[in-house]
Amino acid sequence: SGGSNFFEAHFARSANFSQAQFDRDSDAFFFRAQFNGPETWFNEAHFAAPAVFLQAEFTGTVQFDGALFQDKASFREAKFRQNDPHDTVSFNGASFAALDLNSAQFEDKQLDLSNTSYESLLALNFSPAVLVAPKNLDVHQAILRKLEGNFQLQGLVETTNEIIYWRYRVEREAKP
């Protein structure tokens, strides 16, 4: 409690914040932090106040699985790099009030939004190419439908149309 400031912190190896509790009066401030280890974990972490990962840089596998963000989570201008093609940025089962991914940089097939709930996802430069394709067709379609509705509400017609295209493509590939 009382705030956590990791401004420009450098994590040379893996960082484990799994099950960390950031109280209502404790912003989680990771502005320009560098996570250079092969893995970074925030699984089941609880953020009651804003979580700021603005311009943070992550390398390797990043997991926010089951994390709860009761306030805004900003990954604006964050960079996510893979060490190998299997590295993902996973928000599987995470819950967000608002998720800001504006100008965040992901590699193709790196972002896992399976079972993620959010009231709004902000990402003006969003591309469905960054999404990990779940093996389950229903899960994949649900992710794309949720993104489609989210961007449609924001009036982002081009992004909405691209997601619709990807959803139809996924459906056609599943039923040759």
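Mentor: Start at Tyr118: Lys146 lies over the face of that ring, 4.6 Å from the ring centre. Arg167 does likewise with Tyr168, at 5.0 Å from the ring centre. A charge counts as over a ring if NZ of Lys or CZ of Arg is within 6 Å of the ring centre and within 35 degrees of the ring normal. Bear in mind that this is a predicted model, where local features need pLDDT of at least 70 and side-chain atom pairs 80 or more, while totals for chains, interfaces and linings use all residues. Numbering runs from 1 along each chain as its sequence is written, and side-chain values use heavy atoms, leaving out hydrogens and water.

Now for rings with rings: the whole structure has 34 aromatic pairs. Phe7 and Phe31 are stacked, because their centres are 5.5 Å apart and their planes at 15°. Rings of Phe, Tyr and Trp (its six-membered ring) pair with centres within 6.5 Å; planes under 30 degrees apart are stacked, over 60 edge-to-face, and the rest tilted. This pair links distant parts of the chain, 24 residues apart: Phe7 is in the loop between strand 1 (4-5) and strand 2 (10-11), Phe31 in the loop between strand 5 (28-29) and strand 6 (34-35). Strands here are DSSP runs of E, at least two residues, numbered from the N terminus. Phe31 is buried, with a relative accessible area of 15%, whereas Phe7 is partly exposed at 40%. The cut-offs are under 20% for buried and over 50% for exposed, with partly exposed in between (1.4 Å probe, protein chains only).

Notes. Helix = DSSP H or I, 4+ residues; strand = E, 2+ residues; numbered from the N terminus.
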